[in-house]
Amino acid sequence: MDCDVVNNMNAATRRTKGDKKVLKKQQKASHTLLKHEGISTTSQPTKSLVVANGGLGNGVSREDLFAAVNQFGDVESLLMPPQKPYAFVTYRFEDGARKAHAQLNGKKLQSGENSVTFYLSYVDSVKHREEALVGFPEGLTLVEDFVSLEEEALLLTAVDWSMSNEAQKALKHRRVKHYGFEFRYDNNNVDKDKPLPAGLPDECLPVLQRCLLDGLINVLPDQLTVNQYESGQGIPPHVDTHSAFEDTILSLSLGAKAVMEFRHPEGRAVPVVLPERSLLVMKGESRYLWTHGITPRKFDLVPACEPDVGSNSGLTLSKRGTRTSFTFRKIRYEPCCCAFPSACDSQEGTSPYPPSPPSLPCCHADATLLEEEYVHRVYDAIASHFSQTRHTPWPHVCHFLSSLPPGSVLVDVGCGNGKYLGVNPQLITVGCDRSSALVQICAERGFQVFVSDALSVPLRTASCDACISIAVIHHFSTLERRLAAVRELVRLLKPGGQALIYVWAYEQEYNKQKSKYLKDHDKQHNGEKSKDTPEESQESHEEPSIFTTSHVERDVKDASEMTEGRLSVHTNRTAFNSQDLLVPWHLKERKTHGEEESSGRFSSRGEPNPDFDSSMSSDTTHSPDSKPSPSDNMCQIPGGSSVPVFHRYYHVFQQGELEQLCTQVTGIKVQTSYHDQGNWCVVLQKE
């Protein structure tokens, strides 16, 4: 046979194999869309296509996707649902859809730093529920292009970064500069009797005079904080201290845009795009009641500047740059008497810090209050920092998930940032968490999640093949509530279904082997760096945990200093001296490593990471909350630096306690139990 004929036949065979591979993956993508999103595809050509892997959730920008699909015909509409891993394109004529289906299937697209492979299928129609427009919080105003390009350049050069102050010394991995008054990180306030030698830069005066003329303020500010954030950094949710500053706060964004989220105490969230050179004015309710923060990530979801097609699909990705914020405030000299006493430190009647740690709860009401203050509020405040440290699934948990049959329904009760939801793509997964901030991070990663308390999950009884509860139950403060959490997991399981539970162990040394949690402490003292440390115990600082405003160090090793019935404050990286305790979370500065960062009581905690160096900081006064709470205070560390510290409640389990707890629930059996790096673990099966 002629060699050219043979070569052509072989080439045709190779193409056929490639086509078959693409077809198989295309069919799998269609099945996934139907199973998880309820999107039905059809084999008959239509004008509309669903583009799997072509969504905003995959990091594909609207501009790049439009350029890819527009080359095959006139695009009538392009729909990219927020946080979803797919998009819809509708052509004016069916021929355009046919060409795109034939040419783009199995093709790779480079969109910024992301490379994705498209799989396209026909759909009969494109259904989209319009998102209701949410108005700004009361008292919030955004003025775009408030300063010119020339003024922006002048303001940026006016900041003399070479002249360091105490705040800048305390924050090693970001640049901060205070004018007028120094913000003190030891008490989250300003020393009103000690103004700085130099006032606000002269370059700011024309901008502030314009604010006066426009009626945005009625008195000139006397304090300025300048913060500079690199891509991937952000601000945890916070409310500026009421007693420190007057009503109106101005925040000028220079250099790059970002999305700031405002959140009402009832849970309503409003994302606000802050373009470069824009001025944000916070007054009244938006200043005193709503928290504001910026999720740490390198890309934001923003409206497209010029939507190419369609009336309801103008969303795209915006890469963050270096953003410098000028935040102007007026020092307050009298107590605050705002209309929001529930959020006001001046109207609380007592010091914002408790005189001593809280007591163990003696009833259901006390338990819910304790968990709200020392678990829920903490994880909502540290969610973005926490997510940065929770990126590597634990091997034993992965083994459990991989052992489940394909198509099994899995619910992760306390999913945190969702690191276990994508371990086994052959499962139908859903997650829930008490922290709305962590649930938002999951949603941005394309997972199916919802906010829920672990004691009352809104899923049907016997609807799941498997459940996991990773480092959740140890946050419940009474035996009855821990037992109720196990019962809720069992309720969700089908007969024969399995549940995996992890809790933090009192015995950090087991079978003569120290956990990584203790080993890192030893290595730190020996001058060694930890290698291959599980992510749940990455940091190993030996800073004191200061709980009260009097700065009395509480070391649980000295029982004589503990008040009877009070919770002790644990010294990080040491053995436990009690089962019920408060574990500090340090928000120090943290070096970034070039990775993209995304950025509740019930999250995928694994073994806790009590100390964490963070690159997060407040755009206004401090990080993470300008209004202190009993679970939040400052820690003075050697060398003079101060870092915010949150305290989380834990009940650490002794050997055999978890099994004993589970055996109190009828209709289950403990298949196996084991100790995994400082955690007690069980696998249950519903009979």
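Over how many bridges do β14 and strand β17 pair, and in which sense? In this predicted model, where residues are numbered from 1 along each chain as its sequence is written, local features need pLDDT of at least 70 and side-chain atom pairs count only at pLDDT 80 or more, while totals for chains, interfaces and linings use all residues. Side-chain values use heavy atoms, with hydrogens and water left out.

β14 and β17 (residues 291-294) pair in the antiparallel sense over three bridges, where pairing requires that DSSP finds at least two bridges between two strands, and strands are DSSP runs of E of at least two residues, helices being runs of H or I of at least four, numbered from the N terminus. F262 stands opposite H292 in β17. β14 (residues 258-263) is also joined to β15 by six bridges, again antiparallel, with V259 and V273 as bridge partners. These two strands form a hairpin with five residues between them, and G267 in the turn has a positive phi of about 110°.

The strands belong to an open, antiparallel sheet of four, in the order β12-β17-β14-β15. Because β12 (235-238) and β15 stand at the edges with a single partner strand each, one side of each is left without a neighbour in the sheet.

I501 touches (heavy atoms within 4.5 Å), beyond residues up to four places away in sequence, a set including V486, L489, L658 and W680.

D676, in the loop between β33 (668-675) and β34, is buried yet has no salt bridge, and the nearest side chain of opposite charge, K419, is 10 Å away. A salt bridge here requires a side-chain nitrogen of Lys or Arg within 4 Å of a carboxyl oxygen of Asp or Glu; Lys and Arg count as positive and Asp and Glu as negative, while His and the chain ends are not counted. Not counting residues up to four places away in sequence, D676 touches W394, H396, Y502 and C681.

Technical notes
Buried means under 20% relative accessible area, exposed over 50%, partly exposed in between (1.4 Å probe, protein chains only).
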